Number of protein chains: 2
Amino acid sequence: MKLASLRDGSRDGKLVVVNDRLTYCTEATTIAPTLQAALDDWQHAAPKLQLLAESLSHEAVPMIRFHEHEALSPLPRAFQWADGSAYVNHVELVRKARGATMPDSFWTEPLMYQGGSDTFLAPRDPIRMKDEAWGIDLEGEIAVITGDVPMGIGAEEARDCILLVVLVNDVSLRGLIPAELGKGFGFFQSKPSSAFSPVAVTPAALGDAWKGGKLHLPLHVELNGEPFGRANGGVDMTFDFGRLIAHAARTRKLSAGTIIGSGTVSNKLDGGPGKPVSEGGVGYSCIAEQRVVETLKDGEAKTPFLRFGDTVRIEMPDTEGHSIFGAIEQTVEQAT
Amino acid sequence: MKLASLRDGSRDGKLVVVNDRLTYCTEATTIAPTLQAALDDWQHAAPKLQLLAESLSHEAVPMIRFHEHEALSPLPRAFQWADGSAYVNHVELVRKARGATMPDSFWTEPLMYQGGSDTFLAPRDPIRMKDEAWGIDLEGEIAVITGDVPMGIGAEEARDCILLVVLVNDVSLRGLIPAELGKGFGFFQSKPSSAFSPVAVTPAALGDAWKGGKLHLPLHVELNGEPFGRANGGVDMTFDFGRLIAHAARTRKLSAGTIIGSGTVSNKLDGGPGKPVSEGGVGYSCIAEQRVVETLKDGEAKTPFLRFGDTVRIEMPDTEGHSIFGAIEQTVEQAT
């Protein structure tokens, strides 16, 4: 089952069920007006939404064309956005860039930050920033949306709390990060609003690609139309989503509609620092990683962070090449 | 105007208008079903709620007894909870306890962390934790609830975005903080669910006590029935709420219903480290501060963090002794 929230002038959008190929959708508002409302009452809403999805697949309900650019983020605002760093290779590389070493505990205990969740960008919204010097970067990620999660849940059990899977562009302001982290309280200004894929997908609808709390497919990242990243979500993910949820729920319960991110998808192939897609590697899911690799190799970073006018596209095709979640596609613009 | 969300089995509670003395209330659900719904459409909802409050004060509408223990937190879940450290004295003291110095920039640039906002405790809910060794502490704070805030707003202008004022118990797990902050991504497990006062109050209804984006009244904190803190919200607040909101909105807009906290209310009277209420001082709004002062004075902390069975009460009386926001009163219990 695939769900989306269409732009209708409201803050939370209008819930629709989308067909597998993302060509048509049908209104689901008689079941639940918004995705959050469906998540709040998932036990009752999910079977009805599933039936509607089946009817849609048989063209047995009123159908409207689905246009990705009419979709908001599936949850245009959420009660929680917590982002892990499950691909520890990414953490190690980015720390190297700052000249910081990484404690061994990072391989055994997830790193996670509390993100802002009140104003997510739509998947085709521009990224509007005041200043290029803030070091605007993309971060291509996978995330899950949970149901209610009790405090103290175990990692295995937590996998059953995963209701939906989405893609994320976790926009980061690299220029603001060192000073902000230096103050000791984590990210705030350095993590502006993120954007999510047009469509949220149930784990069941991901078929064999969803296994062990991980999504085993390459994440396609394009920068100004050129292939930039092809890292596989199932490779080098040290902590699966069940483990990340359990980490978040250690000292408090989590409410339905909580979004837990994977952190930047990153593969450490052949034990090396990775290669650009143009050189036959899997590339990167953020610019910071490429810059670190360049610095390690040539002594200096040559790829700039995002500039006004640059375009980022994040998408995940299935094994037949069909887009599973639709595309996040955002242009960087100067805020006035 | 005073607003509350009554427990009715739903996730967001039922919106009521409460009279000034907190003795009676009247349902406001025909105006907006929930406080979030009212905040989403404040321009239209506020005048109607205001009229209802006036009718209630004239006993001209159906009245029901208001019982604080039937109230949820005004926003039982919110889209954003961002907590500042506006009382820099608190930051300096707590850092001293860890043997960490405080950069001078902390006096000119607010410190703020992104908190979890999906599962707030009701004001009379127990604080359930697995382990006393986590170092369970209260933090008595003041917070504001904003309307929509545009990105890049100035501090003065931001004061006009403050729609409601509340009290907070920002529960902290002192034992988990050093390791978590050491990882560099800020608080997560060390900041479990917070609880808010039964009632949210408009700045206008605070009268002279609300001035310059600060609340100029003592915050009463009791520990097991004994006076523990009487720090004044208007004293030594280095950054007013307008400044805190502007800090949060530097790189992204904030959505209606955003809650911005002051951090632990803390006064640095006479330039000294403060004295307990029992010795004629204003005391503390968290146990950690008292422990630091003890350590500085006697070489060791003697006041323990909260133990199972301990009770915390946070309240703010007006100049005539009437409770403005109702009381947060929570007992610490062992989670099973």
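Predicted model: local features only at pLDDT ≥ 70, side-chain atom pairs only at ≥ 80, totals over all residues.
Just after helix H7 of chain B, B:Gly299 adopts a positive phi of about 85°.

**Helix H7 of chain B**

Helix H7 of chain B covers residues 287–298 and has 12 residues. From its first C-alpha to its last, the helix reaches 16 Å, close to the 16 Å expected at 1.5 Å a residue. Several of its residues are buried: B:Ile287, B:Ala288, B:Glu289, B:Gln290, B:Val292, B:Val293 and B:Glu294. The cover over these buried residues includes helix H3 (88–97) together with strand S8 (136–137), strand S16 (220–223) and strand S17 (226–229), which belong to chain B.

B:Gly182 lies in helix H5 (residues 177–182) of chain B. B:Gly182 counts as exposed because its relative accessibility is 62%, and the cut-off for exposed is over 50%.

**Chain A as a whole**

Chain A contains seven helices and 20 strands. A compact globule of 336 residues would have a radius of gyration near 20 Å, and the 19 Å of chain A agrees with this. Along the principal axes, the C-alpha atoms of chain A fill a box of roughly 60 × 45 × 40 Å. Of the 336 residues in chain A, 62% are buried. Among contacts in chain A between residues at least 6 apart in sequence, 72% join residues at least 24 apart.

The accessible surface of chain A comes to about 12400 Å², and carbon and sulfur atoms account for 49% of this surface. Chain A has 32 positive and 44 negative charges, whose mean positions are 3 Å apart.

**Buried glutamines of chain A**

A:Gln36 lies in helix H1 (residues 35–40) of chain A. A:Gln36 is buried, since its relative accessible area is 9% and the cut-off for buried is under 20%. Not counting residues up to four places away in sequence, A:Gln36 touches A:Leu75, A:Phe79, A:Ala256, A:Gly257 and, in chain B, B:Arg77.

A:Gln189 is placed in the loop between helix H5 (177–182) and strand S12 (195–196) of chain A. A:Gln189 likewise counts as buried, at 6% relative accessibility. Its contacts, leaving aside neighbours within four places in sequence, are with A:Leu173, A:Leu176 and A:Glu180 in chain A, and with B:Glu109, B:His247, B:Arg250 and B:Thr251 in chain B. A:Gln189 and A:Val94 are 95 residues apart in sequence and 19 Å apart in space, C-alpha to C-alpha.

**Asp236 in chains A and B**

A:Asp236 has a positive phi near 60° in a residue other than glycine, and B:Asp236 has a positive phi of about 60° although it is not a glycine. A:Asp236 is found in the loop between strand S17 (226–229) and helix H6 (241–248) of chain A. B:Asp236 is placed in the loop between S17 and helix H6 (241–248) of chain B. The table gives the accessibility of these two residues beside that of others described above.

| Residue | Relative accessible area | Class |
|---|---|---|
| A:Gln36 | 9% | A:Gln36 buried |
| A:Gln189 | 6% | A:Gln189 buried |
| A:Asp236 | 35% | A:Asp236 partly exposed |
| B:Asp236 | 34% | B:Asp236 partly exposed |
| B:Gly182 | 62% | B:Gly182 exposed |

How values were computed: Residues numbered from 1 in each chain as written. Chains lettered and ligands numbered in written order. Heavy atoms only, no water. Helix = DSSP H or I, 4+ residues; strand = E, 2+ residues; numbered from the N terminus. Expected span 1.5 Å × (residues − 1). Buried < 20%, exposed > 50% of the residue type's maximum accessible area, 1.4 Å probe, protein only. Contact = heavy atoms within 4.5 Å. Rg over C-alpha atoms; globule rule 2.2 N^0.38 Å. Areas by Shrake-Rupley, 256 points an atom, 1.4 Å probe, with all protein chains shown as cover. Lys, Arg positive; Asp, Glu negative; His and termini not counted. Charge placed at Lys NZ, Arg CZ, Asp CG, Glu CD.
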